[in-house]
Structures are given as structure tokens and as C-alpha cells.
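Dear colleague,

Please find below the structure that I am handing over to you. My notes on it follow directly after.

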Amino acid sequence: MTSILECRGLTKVYGKVIAVNNVSLGIGRGETKVIFGPSGSGKSTLLRCLGLLEKPTKGSIYFNGVDVYASKQDLNKLRARIGFVFQDPSLFRHLTALGNVMLGLKHVLGLSDAEARRKAYEALKLVKMEDWANYYPAQLSGGQQQRVGIARAISMDPEVVLFDEPTAALDVELKWEVIAVMRDLAERGTTMLVATHELRFAREVADEMIFMDQGQIIEAGSPDHFFTSPNTERARKFMAKILG
Amino acid sequence: MTPLEQIIFLLKAVPVTLAISFLSFLLGLGLGVSLAFMRIYGVAPLRYFSDSYEKFFRSVPVLAVMLLLYFGIGPLAPIFKDPFFTSVISLGMVSGANQSQIFRSAIGSVGRTQMLAAISIGLTQLKAMRYVILPQALFLAVPGLGSEIALLIKDSAYSFIIGVIELMKHTDILRASQRSLILPYISSAIIYVVMTFPVATYLDKWGSRKKRELGL
């Protein structure tokens with residue numbers, strides 16, 4: 001399968017710390033891939049590089065087969081085609097839920113106010129937040145904010161959506177409302193790369209799971225593979241720790 | 001003149017005082033926002049320029065700037081022979097340095113993640129500033145801007161030295177014509193308090209409330 005988004009030999013270094021070390025992976029249309037691993041294993045940095053929010057120190061990123069940095073493409077236009085959901089929802093605090101979703105539709109895609117409003121409502125409906133459209137982020141729970149964050153990302157009709165531990169900052173109860181939305185998106189065929197510790201979610205929806213540790217991909221395989229017989233000791237120990 | 005006539009005479013100068021304050025505030029606002037963005041997001045020469053501008057104009061008395069422009073530059077550039085114009089420019093230039101500091105701190109408080117989130121949906125850095133960073137920074141800056149407006153209203157009194165017929169000039173005319181020190185100055189002081197205190201207090205409260213409501 002041709003990858004929509006792919007990295008080859010991606011390395012990201014901050015000072016003396018190697019956050020991501022020579023990682024290669026790709027995600028094809030309609031696939032859901034889950035990256036998991038201990039905190040500080042480089043998942044977030046990898047996703048930020050793939051989301052074109054940080055430039056890799058070494059290696060290449062391909063979007064629809066074209067080397068993003070070598071071809072000097074307009075990064076802003078590409079970012080609009082790669083949805084990104086942050087761990088902290090990072091909603092724009094001066095705008096309502098609707099305003100948050102409409103902003104990119106109007107000022108990036110150039111839709112009219114009416115068209116942007118219609119599309120924003122559709123996206124909010126998908127994440128079951130249409131009744132909260134006129135509320136400000138400060139008036140919403142963490143889970144609701146995260147659902148608006150997802151609506152903001154998917155409203156742009158991105159070709160792939162990257163989720164950076166979207167449930168990590170949420171209570172157990174709120175976690176599940178976000179996971180339910182992500183499950184829905186996966187079932188609709190949205191192309192998703194998700195960094196998460198929610199292994200039950202991964203088992204249900206992932207086409208492939210990727211285990212990272214110390215900035216490297218240690219092992220990749222199907223959910224069944226990881227839940228029955230991971231190859232490496234590190235993956236086995238991590239699975240046991242998470243699953244209790 | 002009866003005391004009431006004296007107060008009416010003073011009040012007649014208030015529109016000029018307010019016009020100087022308002023126009024210099026607007027000039028300072030434009031300068032302050034631009035300098036703050038230069039300092040935070042600009043390339044090295046712009047950052048250096050902004051830093052030097054801020055340091056210089058925060059250290060120099062507004063009266064010195066006004067006298068320099070009016071008496072020093074005025075003979076060379078006729079535009080500065082106009083006392084009203086020179087007052088607005090002097091106050092605005094100094095206010096720009098103060099407002100730059102207010103906005104720099106407000107933009108810093110908005111946080112880097114907001115810029116990252118804005119860029120992640122495909123906004124250019126300029127659009128991210130326009131639609132995401134600046135509106136939030138404005139809310140955060142409001143209490144500081146309230147104090148700046150109050151300062152400008154007070155500092156506009158310096159304009160009388162270069163010949164602007166504003167509130168302090170009317171106070172001085174009364175002092176000379178009525179041979180009274182107490183009533184003109186006390187009345188004038190009360191008018192300044194009435195102009196400055198409610199604005200600063202209201203904007204401080206409004207800004208704090210908005211900050212709370214929006215979780216800024």
C-alpha cells in the first residue's frame with residue numbers, strides 16, 4: 001500500500017538528547033496505526049515531526065510520495081492536510097467551540113462564513129459536541145475540549161490525522177468519551193496515527209501497533225501479536241505493566 | 001469669575017486633553033504591538049531595534065522628547081512646529097515603549113502551544129498572530145493598557161509647556177487671572193482624577209473578569 005505519510009531515517013536531536021533515532025514508518029490510506037511506549041520514548045516528538053510542526057535533524061518525510069523538505073513545498077498548505085490532535089487540547093481560548101472549528105475553514109481553506117459554519121457544525125456533530133457549539137473552552141470539560149480539538153482537526157478534511165496521546169490528561173470517565181469518538185473515526189475509515197497508552201483501544205481498531213523506546217522503534221506488529229507473544233523483552237514488560 | 005464659571009472654563013479644555021491622550025494612545029498602540037512582535041518573532045536586527053527603542057524611550061522623560069521635537073527638530077521640520085501634533089507624537093513615542101512591554105508580557109502569557117495549535121491547522125505565522133495570539137494578548141493587556149491611558153491623560157499636561165491650549169493651560173490662565181492658586185489647581189486635579197480613575201479601574205476589572213471567564 002502506498003503511504004500517505006512516511007518518514008525515513010527520521011532523527012530529532014535537542015542539544016545532547018536524541019529524542020527520535022533513525023525511525024522509518026509509513027501510514028497508508030484508511031489505516032489506523034498506534035504508537036505506544038514509555039513516557040519519553042519519543043512518540044510525541046515523532047508525531048510533531050510527522051505533523052510538520054518540528055523539522056527533523058536528519059531523515060526525510062514524504063507526503064503522498066513527495067519529500068516535503070527537499071521539494072520545498074508550502075508547509076502551511078501541507079499542515080492543513082495533516083490533522084493534529086494535541087495531548088492538551090490547545091483550543092483557542094478566546095473563541096467558542098464553533099469559532100475554534102471555523103477558524104481554519106475560513107482562514108486556511110477560504111470558505112465563506114456560511115459554508116464554514118455548516119462544515120464546523122458537521123464536524124462538531126461527528127464528535128457529539130453540536131449542542132456545545134457556543135460554549136468557550138473554559139466552560140467545557142477536558143473530554144469535551146478534546147472532542148472539539150478532534151472536530152477542529154477533522155473539519156479540514158485532512159488526509160491523515162495524528163493524535164498525540166489525546167487521553168493522557170483526562171480522567172478515566174472523560175477518557176472513554178474521547179476514545180469512543182476515535183473509534184468512530186477509525187470505523188469511518190479515517191487514516192489515523194495515534195500515540196496512546198490505551199491498549200484496549202489499540203486492540204480494537206489498530207491495523208498495526210508500533211512499540212517505541214528510547215527514540216527507536218523496537219517492534220511493530222498486529223495487535224494480536226503484541227497481546228499474545230511480543231518478540232522483545234522490553235515490549236513484553238511494557239505490555240504487562242500497562243495491562244496490569 | 002465665580003467658582004462655577006471657573007470650573008466651566010476648565011472643563012472647556014477637557015476635549016483637547018482627551019484628544020491628545022486618545023491619539024497618542026492609538027499611536028502608542030500601533031508602535032507597541034509592532035515592537036512587541038518584532039521582539040518576540042522578529043529576526044535579530046528587528047529584535048535589537050525593538051529592544052533599543054524600548055530601553056531608550058522608557059528612560060527618557062516625555063517632556064525632554066517633546067522639547068527636543070518642538071524646539072530642536074521643529075525649526076528643521078516644520079511639521080513639529082505644530083504643538084498639538086508634536087505633543088501627540090512625543091507622548092505616542094514614549095507610550096509605544098511602555099505598550100511594547102505590556103504586549104510582550106501579554107503575548108508571552110498566551111503561550112507557545114497556542115501558536116503551535118494555530119500552525120497545525122495550516123495558518124501562516126502571520127495569520128496565527130492576527131487571529132489567535134493577538135486577540136488573546138489584547139484581553140491580557142487590557143489592565144495594563146488602562147494604566148497607560150491614565151498615564152497619558154496625566155502626561156498630556158506637559159503639552160501646555162509648548163503651547164497647547166489644554167486643561168493645564170486653562171488652569172494656568174485661571175491662576176494668573178484670578179490670582180488664586182488653590183481653586184484652579186484643586187479643581188483641575190479633581191478633573192484629572194475623574195478622567196483617569198474610572199477608566200483605569202473599569203479596564204482593570206473588565207480585563208480581570210475576561211481573563212477569568214476565558215481561562216487565560
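In this predicted model, 22 residues of chain A are in contact with 20 residues of chain B. On the side of chain A that touches chain B, the elements giving two or more residues are helix 2 (75-79) and helix 3 (97-107) of chain A. Sorted by class, that side of chain A holds 11 nonpolar, six polar and five charged residues.

As to confidence, chain A has a mean pLDDT of 93, and 100% of its residues reach 70 or more. Helix 3 of chain A has the highest mean pLDDT among the elements of the chain (97), whereas helix 6 of chain A has the lowest (87).

Regarding the overall fold, chain A contains nine helices and 10 strands. The C-alpha trace of chain A spans about 55 × 45 × 35 Å along its principal axes. A compact globule of 244 residues would have a radius of gyration near 18 Å, and the 18 Å of chain A agrees with this. Of the 244 residues in chain A, 50% are buried. Among the contacts in chain A with a separation of 6 or more, 66% are between residues 24 or more positions apart.

Helix 5 (residues 142-154) of chain A deserves a separate paragraph. Because 12 of the 13 residues are buried, helix 5 of chain A is largely enclosed by the rest of the structure. Among the buried residues are Arg147(A) and Arg152(A), together with Val148(A), Ile150(A) and Ile154(A). The cover over the buried residues of helix 5 of chain A includes strand 6 (82-85), helix 3, helix 4 (113-126), strand 7 (160-164) and helix 6 (172-187) of chain A.

Strand 7 of chain A is itself mostly covered, with five of its five residues buried. In a regular strand the side chains alternate between the two faces of the sheet. Here both faces are covered: Val160(A), Leu162(A) and Asp164(A) are buried on one side, and Val161(A) and Phe163(A) on the other. Strand 7 of chain A pairs with strand 6 of chain A in the parallel sense over four bridges; Leu162(A) in strand 7 is the bridge partner of Phe84(A). Four bridges also join strand 7 of chain A to strand 8 (residues 192-195) of chain A, and these two strands run parallel. In strand 8 of chain A, Ala195(A) is the bridge partner of Asp164(A).

Two backbone angles may interest you. Most residues other than glycine have a negative phi. Leu52(A), however, has a positive phi, near 60°. Leu52(A) lies in the loop between helix 1 (43-50) and strand 4 (58-63) of chain A, and is buried, with 25 other C-beta atoms within 10 Å. Lys128(A) also has a positive phi, near 55°. Lys128(A) is placed in the loop between helix 4 and helix 5 of chain A; with 15 other C-beta atoms within 10 Å, Lys128(A) is partly exposed.

Finally, Arg117(A) belongs to helix 4 of chain A. Arg117(A) counts as partly exposed because 17 C-beta neighbours lie inside 10 Å. Between Arg117(A) and Met102(A) the C-alpha to C-alpha distance is 6.2 Å, at a separation of 15 residues in sequence.

With kind regards

Conventions
Residues numbered from 1 in each chain as written. Chains lettered and ligands numbered in written order. Predicted model: local features only at pLDDT ≥ 70, side-chain atom pairs only at ≥ 80, totals over all residues. Contact = placed C-beta atoms within 7 Å. Nonpolar A, V, L, I, M, F, W, Y, C, P; charged D, E, K, R; others polar. Rg over C-alpha atoms; globule rule 2.2 N^0.38 Å. Buried ≥ 20, exposed ≤ 12 C-beta atoms within 10 Å, placed from the backbone. pLDDT = per-residue confidence, 0-100. Pairing = 2+ DSSP bridges.
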